[in-house]
Amino acid sequence: MSQDRTDGAGTRLGRLSSDSRQLLLQELLRSRKATEVQAGIPRRGGPGPFPLSFAQQRLWVVDRLDPGSPAYNMPSTLRLRGALDTAALGASIGELVKRHEALRTTFAERGGAPVQTVHPPAPARLPVIDLRGAADAAQRAEQLAADEAMRPFDLARGPLLRSMLLRLGDEDHVLCFTLHHIVSDGWSMDVLVREVSALYAVLSRGEEPALPQLAVQYADYAVWQRSWLSGEVLEEQIGYWKERLAGAPPLLELPTDRPRVPAQGPRAGSHGFTLSPGLTERLRMLTAREETTLFMTVLAAWQVLLGRYAGQDDVVVGTPIAGRTRVELEGLIGFFVNMLPLRGDLSGDPTWRELLGRVRKTALGGYAHQALPFDRLVEELGVERSLTHAPIFQVAFALRKAGGRERLSLGGLALEPLESGEQVAKFDLNLTVLEQGEGLSATLAYRASLFGADTAAGMAGHFEAILEAMSAAPDRRLSELSLLREGERAQLLAASHADALGLPQACVHELFAARAARAPGAPALAFGDETLTYAELERRSNRLAHYLRTRGVGPEVRVGLCLER
């Protein structure tokens, strides 16, 4: 659930040399200094309504373009085993909503601009669905949780937190939380589960809750962000990103299994795979030698794969960062996560070692300028909104560490996270790599309206081949990279040899002319209501060939084709 707690440029300092460590610390301190212009975030004045944060404003715009889309639903499903006090659980959720204003906030439009309104605390609803008599209780619970995760929100009416309890047995329950991303992020989901657990433990004993008071609320942060991110601070941040992204391609032209259409569906598929401990260790050794981080090393390989697939040497990948640069924000539920567009330069046929140096510089600069919300960056760059693809980047990457969350229980009940049913796609591709034990595991999520499962599996295999090549010979150049493994290469060679044995010894146009002579009236092409016979296609192609010759076209002269996508 903590998808935005990523291993970025600033981790694993102990593996860097003293010079590189000093450089990295200088960049990160510069970033921290930029976010500490004021001593603290002041409490807002007046009854409201209040402006949205920059991140919230983007999601509000997205919701206006595609109302009710579940793409930004954030579900969390927990299996509870043990004797459950349902009343105490409902009261715990009520106390959570009372404590965090973001959970009782709605979003409307006034004077042509979005505003957020914080509502007074009210009792929270915890619907209970009893499945104890059902023969297929587990399957029904799974479907109900999946349906709940995809149910749309109304940002103007709320509530933007929903909870539901499914009773499978007297001591077996499934607890479902669903929030809209406009009031939550991955870090917030950890806060939610941790505080509900603490509140339940107290309330189930009949005691009064006593969590420490929050210093600020999310609306305070939104008001502060609007006033702080201005003047010299804003100009410096914007100037950096404008320079870094000048001339970047607006779309990564990946070959897709299905065409792009307006309002791409939110459904996502996923392909999981694991890197061997041996490969992981070689990557860590390369990381130490090149004075990077594992995040940078794996990001470099991901950008190479994308560049090879798209035929581009300029690749922009988004990576999430928690965005909680102040201590008073760490315990809040709200939308703080930011996305950094990291631009990969694959030009000039660099060696792997040279590429890692480029990626390190890009990552350090990006983390030093993380204060600018991605949404404000989109606005400043004047990127035209499109219903067919996301702005600036369409592919994301994150590296996380396993075991970051403390073991939780709900009073005397054991908590077990469950998959929340159908996934939704925020990007065309999203690679998440998880450090666990001696190896790395990865999940490649893909937009199902664009890619198929076989394509994702092929990408994963090619990604692993790139990591192998990088770690084995860092002084080799990208042009020497082959995505084919030995088994694939042998299979293709065998197939091409078998096909060659049956090919006639003639050029394609000669074969076509012979076919047209044998069956001139047979259909050769069909498009819509129009059909061309072999004879007509032969005549048209001959006319075009003669015209091209008059324009100077001969052997080895390239002719551009203008076609629909």
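In this predicted model, Arg-358 and Asp-345 form a salt bridge whose closest N and O atoms are 3.7 Å apart, a salt bridge being a side-chain nitrogen of Lys or Arg within 4 Å of a carboxyl oxygen of Asp or Glu. Arg-358 belongs to helix H10 and Asp-345 to strand S9, so the pair ties together parts that are 13 residues apart in sequence; helices (H or I, at least four residues) and strands (E, at least two) are DSSP runs numbered from the N terminus. Local features need pLDDT of at least 70 and side-chain atom pairs count only at pLDDT 80 or more, while totals for chains, interfaces and linings use all residues. Residues are numbered from 1 along each chain as its sequence is written, and side-chain values use heavy atoms, with hydrogens and water left out.

**Overall architecture**

- The protein holds 15 helices and 17 strands, and 47% of its 565 residues count as buried, where buried means under 20% relative accessible area, exposed over 50%, and partly exposed in between (1.4 Å probe, protein chains only).
- Of the contacts (heavy atoms within 4.5 Å) with a separation of 6 or more, 78% are between residues 24 or more positions apart.

**Salt bridges**

- The structure contains 31 salt bridges, among them the one between Asp-185 and Arg-324, with closest N and O atoms 3.0 Å apart.
- This pair links distant parts of the chain, 139 residues apart, with Asp-185 in the loop between strand S6 (172–180) and H5, and Arg-324 in the loop between strand S8 (314–321) and strand S9 (338–345).
- Asp-185 is buried at 0% relative accessibility, and Arg-324 is also buried, at 8% relative accessible area.
- Arg-353 and Glu-290 meet in a salt bridge at 2.1 Å, N to O; Arg-353 lies in helix H10 (residues 352–368) and Glu-290 in the loop between helix H8 (277–289) and helix H9 (294–310), so the pair ties together parts that are 63 residues apart in sequence.
- Arg-353 is partly exposed at 29% relative accessibility, whereas Glu-290 is buried at 11%.

**Helix H5**

- Helix H5 (residues 186–203) has 18 residues and spans 26 Å from its first C-alpha to its last, close to the 26 Å expected at 1.5 Å a residue, the expected span being 1.5 Å times one less than the number of residues.
- Because 14 of its 18 residues are buried, H5 is largely enclosed by the rest of the structure.

**Hairpin S2–S3**

- Strands S2 (residues 105–110) and S3 (residues 113–118) pair in the antiparallel sense over six bridges, pairing requiring at least two DSSP bridges.
- Two residues separate the strands of this hairpin, and Gly-111 in the turn has a positive phi of about 65°.
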